Amino acid sequence: MPKMKTNSGAGKRFTRTGSGQFKRRKSHRSHILTKKDTKRKRHLREPAMVHENDQPLLKRMLPYK
């Protein structure tokens, strides 16, 4: 049986935690930061967890993570 391929876009964006969940980065942190206040940018710095409804999809896209 051939090897399964990892979705390369998802492989760059998600990491798996020790408990098997997926961690992601928050959006809106790349540019146009001058109009966003400091509190908003600080909260965007923290990683977030992927919602439980999207976990099975990521497990298919990232079989080896």
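Begin by selecting Gln 55, which, once its neighbours within four places in sequence are set aside, is in contact (heavy atoms within 4.5 Å) with Gly 20, Gln 21, Phe 22 and Val 50. Gln 55 belongs to helix α3, residues 55–61, where helices (H or I, at least four residues) and strands (E, at least two) are DSSP runs numbered from the N terminus. Its relative accessibility is 8%, so Gln 55 counts as buried; here buried means under 20% relative accessible area, exposed over 50%, and partly exposed in between, with a 1.4 Å probe and protein chains only.

Before going further, please note that this is a predicted model, in which local features need pLDDT of at least 70 and side-chain atom pairs count only at pLDDT 80 or more, while totals for chains, interfaces and linings use all residues. Residues are numbered from 1 along each chain as its sequence is written, and side-chain values use heavy atoms, with hydrogens and water left out.

Next, colour the strands and turn to the sheet. Its 3 strands form an open, antiparallel arrangement in the order β1-β2-β3, strands being counted as paired if DSSP finds at least two bridges between them. The edges are taken by β1 (15–16) and β3 (48–49), each of which has a single partner strand, so one side of each is left without a neighbour in the sheet. Between β2 and β3, which run antiparallel, there are 2 bridges, and if you select Lys 23 you will find that its bridge partner in β3 is Met 49.

Now follow the chain into the loop between β2 (22–24) and α2 (38–45), and select His 28, which lies there. Is His 28 buried or exposed? With a relative accessible area of 54%, His 28 is exposed. Its side chain makes a polar contact with the side chain of Ser 27 at 3.4 Å; such a contact is a pair of N or O atoms within 3.5 Å, where within protein one must be able to donate a hydrogen and the other to accept it, and residues adjacent in sequence count only if both atoms are side-chain atoms. Beyond four places in sequence, His 28 is in contact with Leu 33, Lys 36 and Leu 44, and its C-alpha atom is separated by 8.8 Å from that of Lys 41, 13 residues apart along the chain.

Most residues other than glycine have a negative phi. His 28, although not a glycine, has a positive phi of about 70°, and Ile 32, also not a glycine, has a positive phi of about 55°. Ile 32 lies in the loop between β2 and α2, and at 46% relative accessibility it counts as partly exposed.

Apart from residues up to four places away in sequence, Leu 44 touches Lys 26, Ser 27, His 28 and Arg 29.

Finally, zoom out to the protein chain, which follows the pattern α-β-β-α-β-α along the sequence. Buried residues make up 15% of its 65 residues, and its C-alpha atoms fill a box of roughly 55 × 20 × 20 Å, taken along the principal axes.
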